[in-house]
Amino acid sequence: MSPRLTSAALAAAGVLFLVYPAVRPSGDDAAAMAAPAWVTGHLAAMIGFILLGLGVLGLSELLGGRLASRAAAVTWVGAGLTLPYYGAEDFGLHVIARRSLRDGAPALMELAGEFRFHPVAVTMFAAGLALLGVGTVMAAVAVRRSGVLAAWSAAPLALGFALFIPQFFGPYPLRIAHGALIAAGGLWLAAETWRSDRRAAAAPTPTASRARG
């Protein structure tokens, strides 16, 4: 995966994690879940998880080393465990909420709680988000050690994913601020990755150096 594609994946992932809370309705009632914005916001997050995995994979190829490779593997596993919950949250709860409003049957919304706190579902979800935090922190450490990119350029993105679970318990403006943190982190790391590609392209090859000598 080229540095430019890696940069694009990281930048797009960061922006999508800001779109997620900014577009998603702030409530958790039937009206919020039945809104088209509910589907749009959660879909942005799901695509963001996929692009994050691709971005960390590209970083592992750029940086090399075992730590970067392990960071990519952990991030992919985290995304894989997280996505099923997000898919059900997005499409399943949306359908239940629409049916609840259409039929005037608020009791149907009890199904939303039963899904969200189903032991297997919530365990997979929490484990997936925790692994995403671990994977991005590992990637940030690999970036700092590599000397290829600015030492702290992956730190904001890693902090954002380390805080992904706690931010669910804060007020909704905090969730939007959290999305902005991930967006800023993704864009900074994307810019550093892009610049690394340009520096590599501008560096003289050994043959050219000998010719000038």
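Of the 213 residues in the protein chain, 44% are buried. The model described here is predicted. The accessible surface of the protein chain comes to about 10,200 Å², and carbon and sulfur atoms supply 70% of this area. Along the principal axes, the C-alpha atoms of the protein chain fill a box of roughly 80 × 30 × 25 Å.

The secondary structure of the protein chain consists of ten helices, with zero strands. Read from the N terminus, the order of elements is accordingly α-α-α-α-α-α-α-α-α-α. Among the contacts in the protein chain with a separation of 6 or more, 76% involve residues 24 or more positions apart.

The protein chain carries 16 positive and 10 negative charges. The mean position of the positive charges lies 18 Å from the mean position of the negative charges. One of the positive residues, Arg 4, is placed against an aromatic side chain: the charged end of Arg 4 sits over the ring of Trp 194, at 4.8 Å from the ring centre.

Aromatic side chains were examined next. Twelve aromatic pairs are found in a search of the whole structure. One of them is formed by Phe 17 and Phe 161, whose rings are arranged edge-to-face, with a centre-to-centre distance of 5.2 Å and an angle of 90 degrees between the planes. This pair joins distant parts of the chain, since Phe 17 belongs to helix 1 (residues 3–23) and Phe 161 to helix 7 (residues 155–162), 144 residues apart. Phe 17 and Phe 161 are both buried.

Phe 17 also pairs with Phe 164. This second arrangement is again edge-to-face, with 5.9 Å between the centres and 80 degrees between the planes. Here too the pair connects distant parts of the chain, with Phe 17 in helix 1 and Phe 164 in helix 8 (residues 164–167), a separation of 147 residues. The relative accessibility of Phe 17 is 3%, and Phe 17 therefore counts as buried, the cut-off being under 20%. Phe 164 has a relative accessible area of 1%, so Phe 164 is likewise buried.

Methods: Residues numbered from 1 in each chain as written. Heavy atoms only, no water. Helix = DSSP H or I, 4+ residues; strand = E, 2+ residues; numbered from the N terminus. Buried < 20%, exposed > 50% of the residue type's maximum accessible area, 1.4 Å probe, protein only. Contact = heavy atoms within 4.5 Å. Areas by Shrake-Rupley, 256 points an atom, 1.4 Å probe, with all protein chains shown as cover. Lys, Arg positive; Asp, Glu negative; His and termini not counted. Charge placed at Lys NZ, Arg CZ, Asp CG, Glu CD. Phe/Tyr/Trp six-rings, centres within 6.5 Å; stacked < 30°, edge-to-face > 60°. Lys NZ or Arg CZ within 6 Å of the ring centre and 35° of its normal.
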